[in-house]
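Notebook open, model loaded. I'll jot down what I look up as I go.

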Amino acid sequence: MEFEFFRYPEKFAYRVDEPKPCSVCSKIELCFDAGGYPGINDIDCICSACLKAGALIELEIEPNMNFDDGSPAAETITYKTPGLPTWQDTGWPMINGKFPIFECIASAEDFTDKNDFLSSFLEEDQTKDDIEWLWDRLPKKKLNHYNEGGDISVYLFSLEGKKYWIWDAN
Ligand SMILES: [Zn+2]
């Protein structure tokens with residue numbers, strides 16, 4: 001299962017609990033849970049092949065929000081990528097006109113130290129001083145599944161070898 005912008009969908013994308021028929025093609029697999037995907041139409045779940053092939057474009061269902069610049073990358077993230085496992089409607093970040101890859105829900109192990117953590121924060125409305133406290137709230141060990149996270153999550157992205165993160169709380 002490979003998605004250009006979502007590194008570990010088997011760990012960090014919302015999926016159904018047990019194999020179910022894909023709402024689009026009826027293939028039975030551990031589909032992505034599409035119940036929370038916003039859009040014109042509603043479906044229960046979608047298999048990885050249908051998601052990658054862009055079946056959600058016609059259904060006008062958008063797993064991810066982003067700054068839609070009309071590029072193929074924006075379309076891939078909006079329609080052909082599992083939804084970010086966030087609580088709020090969190091837009092996919094854009095860095096210098098490019099979209100980063102979602103790596104994981106971060107733990108302290110994903111950073112060399114607090115300085116590395118703070119320097120990779122993607123500043124938008126908040127500054128590094130505002131979010132310094134988050135370092136102490138990070139899980140200590142690397143997460144293997146989104147359900148190992150707590151009520152506060154740091155979403156780690158990468159672009160051209162650099163780390164960037166945003167955060168969200170329940
Ligand atoms: Zn399918």
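Donors are N, O and S atoms within 2.8 Å of the metal (3.2 Å for Na, K and Ca), and since water is not among the atoms, sites may look incomplete.

Ground rules next. This is a predicted model, where local features need pLDDT of at least 70 and side-chain atom pairs count only at pLDDT 80 or more, while totals for chains, interfaces and linings use all residues. Residues are numbered from 1 along each chain as its sequence is written, and side-chain values use heavy atoms, with hydrogens and water left out.

**Entry 1: zinc.** I looked up which protein atoms hold the zinc ion, and they are the SG atoms of Cys22, Cys25, Cys47 and Cys50, lying 2.3 Å from it. The angles among the four donor atoms run from 102 to 114 degrees, and the site is tetrahedral. Along the chain the donors follow the spacing C-x2-C-x21-C-x2-C. Cys25 sits in the loop between strand 1 (20-21) and strand 2 (28-29), and Cys47 in the loop between strand 4 (45-46) and helix 2 (48-53), so I logged the pair as linking distant parts of the chain, 22 residues apart. Helices (H or I, at least four residues) and strands (E, at least two) are DSSP runs, numbered from the N terminus.

I then checked burial, where buried means under 20% relative accessible area, exposed over 50%, and partly exposed in between (1.4 Å probe, protein chains only). Cys47 is buried at 0%, whereas Cys25 is partly exposed at 39%.

**Entry 2: core.** A nonpolar core here is a set of buried Ala, Val, Leu, Ile, Met, Phe, Trp, Tyr and Cys residues joined through side-chain atoms within 4.5 Å. The largest one has 50 residues, and Phe117 and Trp165 are among those with the most contacts inside it. Strand 6 gives the most to this core, six residues. Domain 1 (1-83) and domain 2 (87-170) both contribute, so the core lies between them; the bounds come from an automatic or database domain assignment.

**Entry 3: strand 6.** Eight of the eight residues of strand 6 are buried, so the strand is largely enclosed by the rest of the structure. I looked up its pairing, which takes at least two DSSP bridges between two strands. Strand 5 runs antiparallel to strand 6, joined by four bridges, and Phe102 has Phe157 as its bridge partner. Strand 6 and strand 7 are also antiparallel, over eight bridges, with Val154 opposite Trp167.

Terms used. Tetrahedral: all angles 85-135°; square planar, octahedral: opposite > 155°, others 65-115°.
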